[in-house]
Amino acid sequence: MNRVLIVAQHDGDQLASATAKTLQCGRAIPDAQISIVVFADQGNLLAAQAAKLEGIYEVIVVNDVAHAHPLAAVIAPQLAELAVEYTHVFAPATTFGKDLLPRAAALIGAVQLSDIFEVASATVFRRFIHAGNALETVEVNAAVIFGTVRVASFVAANSAEKSVLVREYVPKVSSTSHTRFVSISGKSADRPDLQSAKYVVAGGRAFASAENFKQIYELANLLGAAVGASRAAVDSGFVPNELQVGQTGKTIAPQLYIAIGISGAIQHVAGIKDSKTIVAINMDADAPIFEIADIGLVADLFDVLPELKRAFK
Amino acid sequence: MTMKILVAVTRVLDYSAPVRVHADGRGVVTEGVSRAMNPFDEIAIEEALRIKERGSADEVVVATIGPSACQQQLRAALAMGADSAIHVESDATLEPLLVARILLKLVEREQPAIVMLGKQAVDRDHGQTGQMLAALWGRPQATYASEIVLSEATARVTREVDEGLEILDVDLPAVITTDLRLNEPRFIKLPAILKAKKKPLTALTLNELGIEYESRIKVLRVDAPPARPPGIRVDNVQELINVLKDRALLR
């Protein structure tokens, strides 16, 4: 039997949808008994949410005031302590999971795979390399396999009818003080989350100014969509970094992705290729974004935006 | 005490060249493709040099692990301004934990206050080495750095995270991994290239470092990514809206 441990991601109040998607990846491991672990300041309510997810055996909660803001340096030794009992330890390939998991894996000498796209067996996995331009199939020979999961490639596990048991775990390792949280900024709570939104509207360098980029927000508001951006738009200062989609930035998988004024560098395409439908609007008929777009429109964005806004009203 | 920064770099396929995959699944086409320094590592070197130029560090040592051709990237780093270089020779593809173990040996030799490296290599896209080194070293990590402010014994690092910008204080020594917006690396000038030839470059083997090598990740095959079905072109917004409605993507 395989024993799979899923590391929950949350904001202190709610489990992130990335948790249920990571769980779904874990469920693809054959003959698996799956546990979810919640590291939190006061995690009992979060653990209760996790306990309702389908296909799990138990939930482990580690309550520690040091988890009020998650720090890899603090969580990793605690996770490593638990991990030795498991064959697989998965976390979402978000900045939370990508920061934490290698640190924990190294502490117990485990192998890690990053950005798992598909599970072929308990030891064979598929993952993208070269910014999504190649897909490698790897076989891992290790007692414990750590993996970050490309959440855009998995649907969220459903809720179950009955909750499983929650047990509290008290780590033996003492907390470290060499890493201290100072602050976080940029959370825009009033807008759909880029990584779980059904619709995403994104803009690129062609907007030419932060002022012009506001039209993307207006369009997104009309559609109830999340806002994304290319690296060029972020580097030009039109929008903050957390809106960046691509190899650096977020990987997304909305039902509908509308790219306006984005040329489609391979680094950007790496982050959108899981989208169900890609619409590209660009003035340059040869822009690489049209190679992966399901629907392409060659047009000047400043001509098209007012029309789109009218149509979406 | 001298304050030293160790920068770890890796050689990758030139990321501006299109990536192609061999039809038989044996791997990515490397023949005829030029190599370059991993762009995130270039940012790490630049940042280390800026810290030194501000007077907050005395020495920048750059290191890489790989075949002898990797010395090209070390020479480029020396031409940018690094003081010395270490080349750990290996022809094998090394998994991140092994790279971290090798870097730990270099850390023990060099005693740096900061180890800086790119947040990921753009070929294998693992993004693990910095965090693994920090774990093995028992020191703090600050990944995805977009700003670094040093004071006596700590670094205040702004990190690009999914939620926005996070600021951490880490005690030194520490591992910092660099993100795109930290800086823009300088161009190398010709006189610097000539000068770099005279800078010290030490070659070491895995044997000399006491590293035994056993790969636990076996690549079975490499394929082109699944192709999307060919798309259509529309001529105007109205047509676009009609198609979206037909496909039930809009009401």
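Biologist: Which residue of chain B forms a salt bridge with Asp294(A)?

Modeller: Arg228(B) does. The closest N and O atoms of the pair are 2.8 Å apart. Keep in mind that this is a predicted model.

Biologist: How many salt bridges does the rule find across the interface of chain A and chain B?

Modeller: The rule finds 6 of them. It also finds 45 residue pairs in polar contact across that interface, both partners being at pLDDT 80 or more.

Biologist: Which element gives the largest share of the side of chain A that touches chain B?

Modeller: Helix H4 of chain A, residues 95-107. It supplies 8 residues.

Biologist: And what kinds of residue make up that side of chain A?

Modeller: There are 41 nonpolar, 29 polar and 17 charged residues on the side of chain A that touches chain B.

Biologist: How many residues are in contact, counting each chain?

Modeller: On chain A, 87 residues are in contact with 74 residues of chain B. Together the two chains bury about 6,600 Å². Carbon and sulfur atoms carry 53% of that area.

Biologist: Which strands are joined between chain A and chain B?

Modeller: Strand E15 of chain A, residues 295-298, is joined to strand E13 of chain B, residues 232-234. They run parallel, with 3 bridges. Leu297(A) stands opposite Val234(B) there.

Biologist: Which residues sit on each side of E4(A)?

Modeller: His88(A), Phe90(A) and Pro92(A) are on one side. Val89(A) and Ala91(A) are on the other. Both faces are covered.

Biologist: What does E4(A) pair with in the parallel sense over 5 bridges?

Modeller: Strand E8 of chain A, residues 145-149. In that pairing, Ala91(A) stands opposite Thr148(A). E4(A) is also joined to E1(A) by 3 bridges, again parallel. Leu5(A) stands opposite Val89(A) there.

Biologist: How many residues of E1(A) are buried?

Modeller: 5 of its 6 residues, so to speak for residues 2-7, and the strand is mostly covered. E1(A) also runs parallel to strand E2 of chain A, residues 32-40, with 6 bridges. Ile6(A) stands opposite Ile36(A) in that pair.

Biologist: Now the backbone. Where is the cis peptide bond?

Modeller: Between Leu172(B) and Pro173(B), with omega about 0°. Pro173(B) is in the loop between strands E9 (164-171) and E10 (174-178) of chain B. Most peptide bonds are trans.

Biologist: Which chain A residue has a positive phi although it is not a glycine?

Modeller: Ala131(A), at about 55°. Most residues other than glycine have a negative phi. Ala131(A) lies in the loop between strands E6 (124-129) and E7 (134-140) of chain A.

Biologist: Why does Ala131(A) count as buried?

Modeller: Because its relative accessibility is 6%, and the cut-off for buried is under 20%.

Biologist: And Gln111(B), is that buried or exposed?

Modeller: Exposed, with a relative accessible area of 57%. Gln111(B) is not a glycine either, and its phi is positive, near 50°. Its loop lies between helix H3 (96-110) and strand E6 (114-118) of chain B.

How values were computed:
Residues numbered from 1 in each chain as written. Chains lettered and ligands numbered in written order. Predicted model: local features only at pLDDT ≥ 70, side-chain atom pairs only at ≥ 80, totals over all residues. Heavy atoms only, no water. Contact = heavy atoms within 4.5 Å. Buried area = accessible area lost by both parts, 1.4 Å probe. Salt bridge = Lys/Arg side-chain N within 4 Å of Asp/Glu carboxyl O. Polar contact = N/O pair within 3.5 Å; in protein donor to acceptor, adjacent residues only side chain to side chain. Helix = DSSP H or I, 4+ residues; strand = E, 2+ residues; numbered from the N terminus. Nonpolar A, V, L, I, M, F, W, Y, C, P; charged D, E, K, R; others polar. Pairing = 2+ DSSP bridges. Buried < 20%, exposed > 50% of the residue type's maximum accessible area, 1.4 Å probe, protein only.
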